[in-house]
Amino acid sequence: MSVATLPRTAGLVGWIASTDHKRIGARVATYSFGFFLVGGVFALLMRTELARPGLQVVSRDTYNELFTMHGSVMFFLVMTPLALALGMYLVPLQIGAVDIAWPRLALVGDWLIPSGGFTMLMGFATNHGAAKSGWTAFAPLSDITRSPGYGQDLWIVGAVLATLGAYALAVSILVTVIRFRAPGMTMLRLPVFTWSMVVTVLMVIASFPALVIALALLFVDRHFDSEIFAGAGGATVYQHLFWFYGHPVVYVIFFPFVGAVGEVVATFSRRRFFGYHALVLSLLVFTALSMSVWAHHMFATGRVTNQYFSLTSTLLAVPAGVEYFDLIGTMIGGAIVFSSAMLFAIGFILLFLIGGLTGIIVASPPIDYHVHDTFFVVGHFHYTIFAGSLFGFFAGVYYWFPKATGRLLREGLGKLHFALYFVGANVTFFPMFIAGWEGMPRRVADYKPIHDLSLVNLISSIGSGVLALGTLVFVWNVWVSMRRPVLAGNDPWEGQTLEWWTTSPPPRHNFDSLPPVKSYAPLYDRRMGET
Amino acid sequence: MARGLAIGDTYSKVSDLFSVYEWVMIVVAVLVYGAVFYAVLRYRRRGDEYRRGTDKRTITESIYALVLTAIAITLFTLTYRTEGRIDPVAAKGGVRVDIVAFQWQWQFGYPDFGKTVLGKQDQPATLVVPVGTLIRFDGVSRDVIHSFWVPAERFKRDEFPGTHTKFDLTFDRVGTYIGRCAEFCGLHHTDMDFFVKVVQRTEFDRWVKT
Amino acid sequence: MSRAGVPLAVWAAFLTVLATVLAFWEHDNVPKVIFFASAALMWVVALYALVRGRRLVRTRVTPDLSYPAVFVALAIAMLALGALVGLWLVLIGVGALVIGLAGVGRELAAQRRAASS
């Protein structure tokens with residue numbers, strides 16, 4: 001029996017070495033969610049500490065480890081892998097392919113990410129503790145003199161491994177779209193979500209090498225007496241390399257989820273997505289622009305040409321506005337169903353806006369001179385990443401969980417989850433704008449009572465408790481839905497794209513047959529009698 | 001502790017610019033939220049219907065994109081002009097202050113007068129400056145990157161090791177204001193506060209000679 | 001020739017335009033070099049897409065399980081950790097990588113045999 005005809009294996013062995021893109025995607029999503037709970041605990045510890053002035057819960061040193069590892073876990077081990085996992089699972093299904101391209105490369109990437117995660121978290125077990133120079137690890141703070149100890153090195157190795165893993169997943173997804181689209185599935189008939197994945201993986205391929213280079217050079221500086229990042233010039237080079245990755249990555253962890261929101265909005269408005277061609281163009285423009293804005297993180301250094309980066313950053317409002325036009329345009333004239341998925345999608349539209357608008361505010365250097373490195377920025381990016389991307393992620397989960405598992409999630413619990421998250425996100429993150437504007441820097445373990453910041457910090461910390469509750473509701477929902485299943489069938493939502501044509505869950509080869517593909521909503525066309 | 005009061009030149013420029021942004025953002029938010037609430041109330045599902053509406057409105061959307069571009073360019077132009085009035089440094093005049101940031105306090109020097117103020121963990125440095133006078137700062141770090149931030153002036157600038165950075169500020173209101181380090185710099189980053197004490201010129205002249 | 005190359009080329013062109021504007025506006029060379037290097041990489045990707053055709057795949061020939069691929073991942077992790085821990089781990093990693101890649105090679109050869117039979 002040749003290797004190529006090994007039978008499908010269930011159980012643990014099958015899960016470790018399976019080349020099935022659906023299993024790879026599910027596995028990445030599962031361990032990423034586990035890392036999310038870890039990063040979330042770090043956040044709860046920080047918010048508990050900041051609830052009142054004075055150090056009650058942790059020392060300064062531990063606090064510095066907490067915010068470093070919270071950010072690192074969330075970027076390297078949660079949001080980036082989740083974004084790619086969604087694509088890994090869905091892209092072959094949406095384009096009518098039997099498999100992902102280069103599945104072994106994807107499998108390698110799949111195992112590199114938790115290897116990196118485990119490595120960086122091992123820092124907590126070392127003498128000097130985990131890395132504590134921020135998830136950004138700026139030189140010279142991260143050099144061997146100021147950050148001695150293995151924690152920083154384990155962080156560097158872990159971050160590199162996780163980034164290489166993400167790169168592998170991204171390459172595999174891109175080659176799949178280039179080569180394995182079903183007949184009739186032209187580029188301008190790709191579903192909205194698949195398009196969002198295409199531009200996402202383009203950004204990964206273009207920008208992630210900069211981080212690997214930066215961290216490799218940092219490692220060399222730490223261990224080989226070189227002075228690559230020494231002095232102001234060297235420190236600036238580090239920041240250019242880091243942020244060349246560090247800005248696109250926040251769009252990598254955004255676009256798949258706005259794509260999910262697009263699919264959910266179309267399906268639960270019971271009409272085709274509005275403004276498809278405008279959306280495709282805006283995705284290409286938005287992501288290209290996002291590659292050009294990185295030094296807006298460096299406005300306060302006085303060492304870059306602020307005006308260029310301010311212009312490109314402000315122009316981001318244009319494609320973003322076009323996407324909003326298309327999302328809301330899909331709802332207007334539709335027949336809206338308020339499922340849990342749709343609630344999270346609407347929540348995304350309302351709350352990401354706050355993140356986006358505050359982003360345009362910080363794109364102005366004079367204003368940024370005040371709010372850079374303060375809780376204003378922390379509020380801004382938590383609105384985009386939590387109230388934006390993560391809401392979009394849950395919209396996608398409530399939508400696609402039945403396809404992946406064959407079971408529906410409970411709608412009642414889903415709505416409770418949404419309500420807790422919607423309230424919790426605003427209560428946690430809105431006060432941060434006030435705290436930052438009033439003078440609270442970020443990455444501080446404490447603040448003095450004279451700083452007039454006690455009330456906003458207390459409110460913010462209460463909000464974080466609400467978010468924790470909402471997360472537990474979701475975990476409970478998954479548990480209950482798997483233990484006492486309600487079967488979903490092929491197409492519980494009257495979906496529009498090809499993944500709803502096949503069984504839930506799909507067979508190993510994805511499709512037994514395919515309907516004709518004449519647009520970006522083939523099942524919708526069929527239902528309307530147009531094919 | 002004065003908070004949110006106009007203490008200086010830069011504060012006014014930033015506040016004026018921020019008010020424009022604030023209003024634009026509020027209007028945008030009201031329009032978007034209005035559109036969403038309209039959609040949600042008017043277009044809920046009532047039967048088993050599907051919609052066959054138009055899937056695109058190219059002209060409307062193109063005009064909309066052009067309007068957005070115009071708004072973005074306008075905001076950028078206002079930003080560009082404001083930055084053009086904040087960033088430049090004067091060649092001479094006023095009072096020179098040298099800032100040396102280190103882990104984890106500040107040293108302020110007055111090279112024209114030969115006076116130095118050195119902060120300590122339990123006694124943060126106080127930067128004394130005369131009101132209504134151009135202060136020409138020259139900042140550097142002794143170790144890692146720090147950032148000199150005076151919230152009441154709405155301004156911060158990073159201090160790098162080795163290379164100096166120059167910026168000018170004017171403080172127009174007498175009082176004592178808090179200063180913070182705003183670039184994470186290690187264990188005691190939290191504790192790197194300093195104070196800015198703005199005094200009358202005569203009092204400054206007296207103090208700087210001591 | 002895959003039409004997927006067209007939007008990829010458009011994207012690479014966008015990057016090139018943005019990098020060119022930066023080149024005129026910024027005096028420091030470092031950001032310009034980084035941006036142009038990235039744009040060049042994306043032209044290579046676009047070229048790959050333009051040159052490689054679409055392939056209609058009806059049946060899978062990839063095996064369901066690939067232990068060599070998992071082995072390759074562990075090998076890379078050992079190589080990376082070895083940079084920190086010591087040469088001995090790097091060497092073990094190299095060995096594991098060779099074994100893993102050989103295994104993948106065998107799988108690919110078996111696939112080709114199965115496809116042509």
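Start by colouring chain A by its domain assignment: domain 1 covers 23–199, domain 2 covers 254–488, and domain 3 covers 489–531. Keep in mind that this is a predicted model.

Now show domains 1 and 2 of chain A together. Their C-alpha centres lie 18 Å apart, and 32 residues of domain 1 are in contact with 34 residues of domain 2. To see what domain 1 of chain A brings to that contact, pick out α2 (21–50), α3 and α6 (192–223), the elements that each give two or more residues to this side. Which of them gives the largest share? That's α3(A), with ten residues. Colour this side of domain 1 by class and you'll find 22 nonpolar, six polar and four charged residues.

Next, go for the largest nonpolar core, which has 282 residues. Helix α3 of chain A, residues 60–94, gives the most to this core: 21 residues. Among the residues with the most contacts inside the core are Met88(A), Leu112(A), Val261(A) and Phe344(A).

Zoom in on Met88(A). Leaving out residues up to four places away in sequence, Met88(A) touches His21(A), Ile24(A), Gly25(A), Val28(A), Ile100(A), Ala106(A), Leu169(A) and Ile173(A).

Last stop: colour by pLDDT. Chain A averages 95, and 97% of its residues score at least 70. Then select residues 1–7 of chain A, where pLDDT stays under 50. The model has 15 contacts beyond four places in sequence for this stretch.

Methods
Residues are numbered from 1 along each chain as its sequence is written. Chains are lettered from A and ligands numbered from 1 in the order in which they are written. This is a predicted model: local features need pLDDT of at least 70, side-chain atom pairs count only at pLDDT 80 or more; totals for chains, interfaces and linings use all residues. pLDDT is the predictor's confidence in each residue, from 0 to 100. Two residues are in contact if their C-beta atoms, placed from the backbone, lie within 7 Å. A nonpolar core is a set of buried Ala, Val, Leu, Ile, Met, Phe, Trp, Tyr and Cys residues joined through C-beta atoms within 7 Å. A residue is buried if 20 or more other C-beta atoms lie within 10 Å of its own, exposed if 12 or fewer, and partly exposed in between; C-beta atoms are placed from the backbone. Helices (H or I, at least four residues) and strands (E, at least two) are DSSP runs, numbered from the N terminus. Domain bounds come from an automatic or database domain assignment. Ala, Val, Leu, Ile, Met, Phe, Trp, Tyr, Cys and Pro count as nonpolar, Asp, Glu, Lys and Arg as charged, and the others, Gly among them, as polar.
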